[in-house]
Structures are given as C-alpha cells and as structure tokens.
Amino acid sequence: MLRIKVASFFLSIVVFVGQSSIAIEITRAAEPPLKVRFAYASRSNIVTPKHMALSKGFFKAEGLEVEMIQMNPRLSATAIINGDVTYADAFTSTFRGIMQGFPIKLVLVHQKKGPYFLIARPEIKDVQQLKGKKLGVATIRGSDHLVAEELMLSKGFNPSAVQPIGVGDASMRFQAMIGGAIDVVAVTTPQDLMLRQKGFTVLAGPPEVGVPGSGVFTSEKFLRENPLGVKRTLKALLRAHGYILDNKAETVQAMIQWLPQSVEIASHSYDIEMKALVRDGLMSDAEIEVLVAKLGEKKRPMDEVRDFTFAREALKELNLK
C-alpha cells in the first residue's frame, strides 16, 4: 500500500509539472506579442542575425513582433531615448552616445571587430597615392571612418592627408565609388567583392582592426520596464547566431533572399563576415575598456556602459553557457 501511495504521489507531481508547463505555454500564446523596433545602420549582410531570427521564427517563438527600420547611425542614440526604436545596432555612434551620458546600455555584440577592406579606384595602386583623395564614409567619425584611418595607419599612411566625405550606407558608398564621386572607401562584405570584381584596388584589410561591426543597444528605461522582453530578444538573436555559424548553405541562401547578390558574393560574405559572429554575444570588460579609450572623451563606470545580464540568462536557458 505504501509503494502505491508513493508512486501515486510522484505521478501527481509529474502531472502537476506537465500541466504547469502547458499552462505557461498557453499563457504565452494568449499574450499579445511584444512589439519591438530595430534600427539598423546599413543594408548589408551584418543584419543577417536579425533577418534569420525573423525568417526562422526565433522572434515569434519568444512572443515578439519585430519591425526593422533603416536609420542614419547618428540618429540611433536619440531614437532609443525618445522611444522611436527599441534597439539599435549602429555601434560607434550609439557607443559615443553612452560616453556622452545617454542612459543607454550595450546588451549584445554581433561582431567584436568588423572585417573591413580599404578599397580605392582602379588607377590607385598604392596607399601613398591617396594623398589629397576623397574618402567616402557613412558618417564622419563613424565606424567605417575610424577603421579606414586605422587601415591607412597600418600601411604607414597619415589619414589626415585624405578628405572624408559623408556619403551614406554601404550601398550608397558603393555607388559613389562606381560613379567616381569618391576615391577610396572602407567597406565590409558584400561590397568589397563587388568592387574587386569591377577592378577596384584592395589596399588593406582585413586583418581585424577597428571597432565592433554591430551590436545591440537599448535604453536603461526599457531594461527596467521590460527585462523579460530584453531576455527574449537576446535569446532569439543568440539562436540566430548559432544557426548561422552551424549552417552555411542555408544562411547563404537566406542572405541572397534579403540582399540581392550572387551565390559567390554571399558565400564570400559568409566566410568573411558571418564567421566573425560572436556565438555568445559577449565582450570582456577589458575589450570594452579599449573601446572606451578609443571612442570616449572621458571614462564612465563599466556598469553604466554595458549590461550582459540578460544575454547570460538567455545563454543559460539555451544551454549555451
């Protein structure tokens, strides 16, 4: 009789746990989706993690309704504070906003270093020939501008000898190069290979220099008011990181659907850019300190710059940490 009672007790626990899990799922399904807006800086392959999280249903599985909005990087920090967008990925401009006192936090990193190439017009064969030439950048002192200068310095050329001109996102800088409006540019994939195929000269790059290619920033207010929403967002993006890193063929096909490009270019982009994704989405404080020194006029306490709490919780739920 005792054995029967014990067995019955454990069975009731199993049934209760099972019913609780079902109830949680039903509750999640009954809740209206949390609407979030992502601001992205450029129509390029670095946006792939977000597109993958959308197309594979990772956002939807976390109860999120996501809208993607292309935005000038200089507007990202203000848009986050005003509530016009929930998250932004433009790294340098938004990070500088944090350094200037904006109540924003870095919560996830897609790439620790953007794999940029310094590419010049076909007639320019050496970096020393850049003196007096026009450097096309997305925004003055933005990520690609800083990386262009570091690539020039790595080749022994003083970047103050070029004239930076704000042109716009990667696709616009590509067109400006084709049209002859600028002489040199720092771009990632797929624009690097597209320019090479047209005879333009690669003067430097990668190796990996500069600043992170992309991240996820949000306001301190949203972190306080929607902690579960932040964790769900990062969980979906981390699932996308893992899927991309483990599934090249499927990712390449998806990249072609989102951004018109050949299989050759998409495959090249994957090998250069997608393999640089940080699987766990984290950076060490030492790595961030380097960015603070490079991008900020004054230091700020690390807890005012980054908050990887939600990313770590998401990693635990995904059994990745």
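**Aromatic pairs and their surroundings**

Mentor: In this predicted model, a search of the whole structure finds 6 aromatic pairs.

Trainee: Why is the pair of Phe91 and Phe95 called stacked?

Mentor: The ring centres of Phe91 and Phe95 are 5.6 Å apart and the planes meet at 15°. Rings pair if their centres lie within 6.5 Å, and planes under 30 degrees apart count as stacked.

Trainee: What separates Phe91 and Phe95 along helix α5?

Mentor: Phe91 and Phe95 are 4 residues apart in helix α5, which means a separation of about one helical turn. Phe91 and Phe95 are both buried.

Trainee: What makes the pair of Phe91 and Phe217 edge-to-face?

Mentor: For Phe91 and Phe217, the distance is 5.2 Å centre to centre, with 65° between the planes. The centres must lie within 6.5 Å, and an angle over 60 degrees counts as edge-to-face. The pair is therefore edge-to-face.

Trainee: Which parts does the pair of Phe91 and Phe217 tie together?

Mentor: Phe91 belongs to helix α5 and Phe217 to strand β10 (residues 214-219), so the pair ties together parts that are 126 residues apart in sequence. Phe217 is buried, as is Phe91.

Trainee: Which residues form one aromatic cluster?

Mentor: The cluster is formed by Phe38, Phe59, Tyr87 and Phe222.

Trainee: How do you know that the charged end of Arg196 sits over the ring of Phe117?

Mentor: The charged end of Arg196 is 4.8 Å from the centre of the Phe117 ring. The distance criterion is within 6 Å, and the position must also be within 35 degrees of the ring normal. The distance meets its limit, and the charged end is listed as sitting over the ring.

Trainee: What makes the approach of Arg96 to Arg141 a polar contact?

Mentor: The side chain of Arg96, a residue of helix α5 (residues 91-99), reaches the backbone oxygen of Arg141 at 2.4 Å. A polar contact requires N or O atoms within 3.5 Å, one able to donate a hydrogen and the other to accept it. The value of 2.4 Å lies within that limit, and the pair therefore counts. Leaving aside residues up to four places away in sequence, Arg96 touches Arg141, Gly142, Leu146 and Leu295.

Trainee: How many helices and strands are in the protein chain, and what share of its residues is buried?

Mentor: The protein chain has 14 helices and 10 strands, and 51% of its 321 residues count as buried.

How values were computed:
Residues numbered from 1 in each chain as written. Predicted model: local features only at pLDDT ≥ 70, side-chain atom pairs only at ≥ 80, totals over all residues. Heavy atoms only, no water. Helix = DSSP H or I, 4+ residues; strand = E, 2+ residues; numbered from the N terminus. Polar contact = N/O pair within 3.5 Å; in protein donor to acceptor, adjacent residues only side chain to side chain. Contact = heavy atoms within 4.5 Å. Buried < 20%, exposed > 50% of the residue type's maximum accessible area, 1.4 Å probe, protein only.
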